[in-house]
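User: I have a fold open here and would like to talk through how its pieces pack together. Could you take me through it?

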Amino acid sequence: MKRNLASKFGQGLTPRQFVEGMTKNQQAFESWYEAFSWQDESDREFFESLNHRDDLRSLILAADWCGDVVRNVPAVFHILETAGIRAEVLILEDNQDVMDDYLTMGGRAVPIVIIADTGGHVLGHWGPRPQHVQKLMNDFKRENPDREAPDYEGKIAEVRKAMGQAYGEGTEYQAVIAKELRELISGF
């Protein structure tokens, strides 16, 4: 069971503070943010309908050096803004205690978007990647459990390339994030 995160409220950065404080990848992050558009009107309407709710909060575990953060968090920011859900960014290196509750196949992978109620009770989480992209890494890790194997580095480079291809060239993957977050939030 995930611990209560009320003590983390007010400890994170606002989305703007996170972007302004980026020492890596800021321009790419801002480009993905500016490129966001709603590809499904019903998703936009769903998130707009959440504006009447004041019981949801979001904590986002992130690091500016992470390519998945640079790609995914701009879309998450737009979606949460549309929903009126207050978001705070927790820097991974400063919040490893929280990160350890949200490991991905035993590893620390960001971003992790945590949705909680105003009392800090975790309702659900998303991340670190859209499911179709994450599946590639999950399959790789199942098939290659030995990180010390002589061919491990070559194989992980191949799967990372495949993951980049799965994201695609444009912003279509952002619509996938919206659908996955919609499915998550619809449950509470």
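This is a predicted model: local features need pLDDT of at least 70, side-chain atom pairs count only at pLDDT 80 or more; totals for chains, interfaces and linings use all residues.

User: Good, then which residues of α6 meet α7?

Analyst: From α6, the residues are His132, Val133, Leu136, Met137 and Phe140, and they meet Tyr152, Lys155, Ile156, Val159, Ala162, Met163, Ala166 and Tyr167 of α7. By class, that contact consists of 11 nonpolar residues, 1 polar and 1 charged.

User: And at what angle do α6 and α7 pack?

Analyst: Helix α6 (residues 131–143) and helix α7 (residues 152–167) pack at about 165 degrees, and their axes are 9 Å apart. An angle over 145 degrees counts as roughly antiparallel, and α6 and α7 are therefore described as roughly antiparallel to each other. Their crossing is right-handed.

User: Switching to the sheet, what is the order of the strands?

Analyst: The order is β2-β1-β3-β4, in an open sheet of 4 strands whose pairing is mixed. The edges are taken by β2 (86–91) and β4 (122–126), each of which has a single partner strand, so one side of each is left without a neighbour in the sheet. From one strand to the next, the twist averages 20 degrees.

User: How many bridges does β3 make with β4, and in which sense do they pair?

Analyst: Strand β3 (residues 112–117) pairs with β4 in the antiparallel sense, over 4 bridges. Along that pairing, Ile115 has Gly124 of β4 as its bridge partner, while Ile114 stands opposite His125 in β4. The two strands form a hairpin with 4 residues between them, and Gly120 in the turn has a positive phi of about 90 degrees.

User: What about β1 with β3?

Analyst: β1 and β3 run antiparallel as well, and 6 bridges join them. In that pairing, Leu56 stands opposite Asp117 in β3.

User: Are the residues of β3 buried or exposed?

Analyst: β3 is mostly covered, with 6 of its 6 residues buried. In a regular strand the side chains alternate between the two faces of the sheet. In β3, Ile112, Ile114 and Ala116 point one way, whereas Val113, Ile115 and Asp117 point the other way, and all of them are buried.

User: Which strands does α4 lie across?

Analyst: Helix α4 (residues 67–83) lies across β1 (56–62), β2, β3 and β4, and α4 runs at about 170 degrees to β1. Helix α8 (residues 172–186) also packs on the sheet, where α8 touches β1, β3 and β4, and its direction makes about 160 degrees with that of β4.

User: While we're on α8, is Ser186 buried or partly exposed?

Analyst: Ser186, which lies in helix α8, has a relative accessibility of 47% and so counts as partly exposed. Its C-alpha atom is separated by 10.0 Å from that of Phe47, although Ser186 and Phe47 are 139 residues apart along the chain.

User: Phe47 is in α3, so what does α3 meet in α4?

Analyst: Phe47 is joined by Arg44 and Glu48 on the α3 side, and these meet Ile79, Thr82 and Ala83 in α4. The axes of α3 (residues 41–49) and α4 come within 6 Å and cross at roughly 55 degrees, which makes α3 oblique to α4. By class, the contact has 3 nonpolar, 1 polar and 2 charged residues.

User: How does α2 cross α4?

Analyst: The axes of helix α2 (residues 26–35) and α4 come within 8 Å, crossing at roughly 40 degrees, and that makes α2 oblique to α4. The crossing is right-handed. Ala28, Phe29, Trp32 and Tyr33 of α2 meet Val69, Val70, Arg71, Val73, Pro74, Phe77, His78 and Glu81 of α4, a contact that divides by class into 9 nonpolar, 1 polar and 2 charged residues.

Definitions and conventions
Residues are numbered from 1 along each chain as its sequence is written. Side-chain values use heavy atoms; hydrogens and water are left out. Two strands pair if DSSP finds at least two bridges between them. Axes are lines fitted to C-alpha atoms, for helices over the stretch in contact, and angles run from 0 to 180 degrees between N-to-C directions. Contact means heavy atoms within 4.5 Å. Angles under 35 degrees count as roughly parallel, over 145 as roughly antiparallel, 65 to 115 as roughly perpendicular and the rest as oblique. A crossing is left-handed if the near helix is turned anticlockwise from the far one by less than a right angle, and right-handed if clockwise. Ala, Val, Leu, Ile, Met, Phe, Trp, Tyr, Cys and Pro count as nonpolar, Asp, Glu, Lys and Arg as charged, and the others, Gly among them, as polar. Buried means under 20% relative accessible area, exposed over 50%, partly exposed in between (1.4 Å probe, protein chains only).
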